[in-house]
Amino acid sequence: MYDPSSPMLRPAVTGDGPPAPEAKARFAEDRLLDAVIWCEIAPGEIVTEADMMERFGLTRAAARSGLTRLGYDGWATPQPRTGWLVLPVTGSLIGQVLDARRIAEPALATAAISNEVRSELQEIANILDVLKTRTEQAALVSFRHYVDRVDGLLLQAVNSFTARHLRKLWHHSARITHFLEDPASGQLFHRTDTDALMRAVLSNDADGIASARAALINDQEAFFLRRLLHDETPLAIGKVVSSGAIKTQKTTTSRREL
């Protein structure tokens, strides 16, 4: 479920007074990207400006700006006379994202963490220690919120170019996770790397950070494969991974013209 309070999301409109046109466009771009990451807009769905106006309360200009931005960043592709095709989730995409993360994430071991951030991380470590065994929905949401906060703090402490690359990879991973999870049957991905990660971060253990991140990627890969192995949709060469047997959410396809 879309969580507008997630620290992994970028701030939308800030400041007092009515937003400037640039801020409105930025809000639309961020809102549509969040909708793609959280699978409010399903992978493989074809959407139009009219769809986005109706579903997210945007003006036509804002919807056009948001879709154009999705296209620029590779999240959607314009389709002649039909709209925009949102990037499907495929086995190839999952493999490429995980491979790229295995190359990029060791950079987190070089994170230069300030004393202020370290203090916050210590507080978060104490909270996560309490939440990690809780299974109620509110606790699970809080656990993810704080884990995302940890990732966000680490991201702020590495090279900005690396951070930008990692953020996009994490957005892809989050979208794949949301797509393959099935809350109705309790099939949710739960991170088990947090104890090791927090110990490594708080003790400046670079090898420990790299090891914890590698363990996270391996756990995510195992979850993705386990969920895909329960997909009963017939396979075909070049087939897009279907959510049909995995999720009850129905993928809608609109073919209205722009």
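## Aromatic contacts

Let's start with the rings: this predicted model contains 2 aromatic pairs. One of them joins phenylalanine 223 to phenylalanine 224 in an edge-to-face arrangement, with the ring centres 6.3 Å apart and 65 degrees between the planes. That pair belongs to an aromatic cluster formed by Phe189, Phe223 and Phe224.

Are phenylalanine 223 and phenylalanine 224 buried or exposed? Phenylalanine 223 has a relative accessibility of 1%, so it counts as buried. Phenylalanine 224, at 2% relative accessibility, counts as buried as well.

## Helix H8 and its neighbours

Helix H8 covers residues 194-202, and its buried residues are Thr194, Leu197, Met198, Ala200 and Val201. Looking down the axis of H8, you will find these buried residues within an arc of 165 degrees, so they line one face of the helix. As a reminder, an α-helix has 3.6 residues a turn, so residues three or four places apart point the same way.

Which helices do the buried residues of H8 pack against? Their partners are helix H5 (115-131), helix H6 (137-156) and helix H9 (206-228). Following H8 comes asparagine 204, with a positive phi near 55 degrees.

## Helix H2

Helix H2 takes in residues 49-56, with Glu49, Asp51, Met52 and Phe56 buried. Seen along the axis of H2, the buried residues fall within an arc of 155 degrees, so they line one face of this helix.

## Two loop residues with positive phi

Cysteine 39 is not a glycine, but its phi is positive, near 65 degrees. Cysteine 39 lies in the loop between helix H1 (21-37) and strand S1 (46-47), and its relative accessibility of 3% means that it counts as buried.

Arginine 81 is likewise not a glycine and has a positive phi of about 60 degrees. The loop that holds arginine 81 runs between strand S2 (76-79) and strand S3 (83-86). With a relative accessibility of 69%, arginine 81 counts as exposed.

## Confidence along the chain

How far does the predictor's confidence reach? The protein chain has a mean pLDDT of 85, and 81% of its residues reach 70 or more. Residues 11-15 have pLDDT below 50, and this stretch makes 6 contacts in the model beyond near neighbours in sequence. Residues 245-258 also have pLDDT below 50, with 35 contacts in the model beyond near neighbours in sequence.

Note on methods
Residues are numbered from 1 along each chain as its sequence is written. This is a predicted model: local features need pLDDT of at least 70, side-chain atom pairs count only at pLDDT 80 or more; totals for chains, interfaces and linings use all residues. Side-chain values use heavy atoms; hydrogens and water are left out. Rings of Phe, Tyr and Trp (its six-membered ring) pair if their centres lie within 6.5 Å; planes under 30 degrees apart count as stacked, over 60 as edge-to-face and the rest as tilted. Buried means under 20% relative accessible area, exposed over 50%, partly exposed in between (1.4 Å probe, protein chains only). Helices (H or I, at least four residues) and strands (E, at least two) are DSSP runs, numbered from the N terminus. The arc is that of the directions from the helix axis to the C-beta atoms. Contact means heavy atoms within 4.5 Å. pLDDT is the predictor's confidence in each residue, from 0 to 100.
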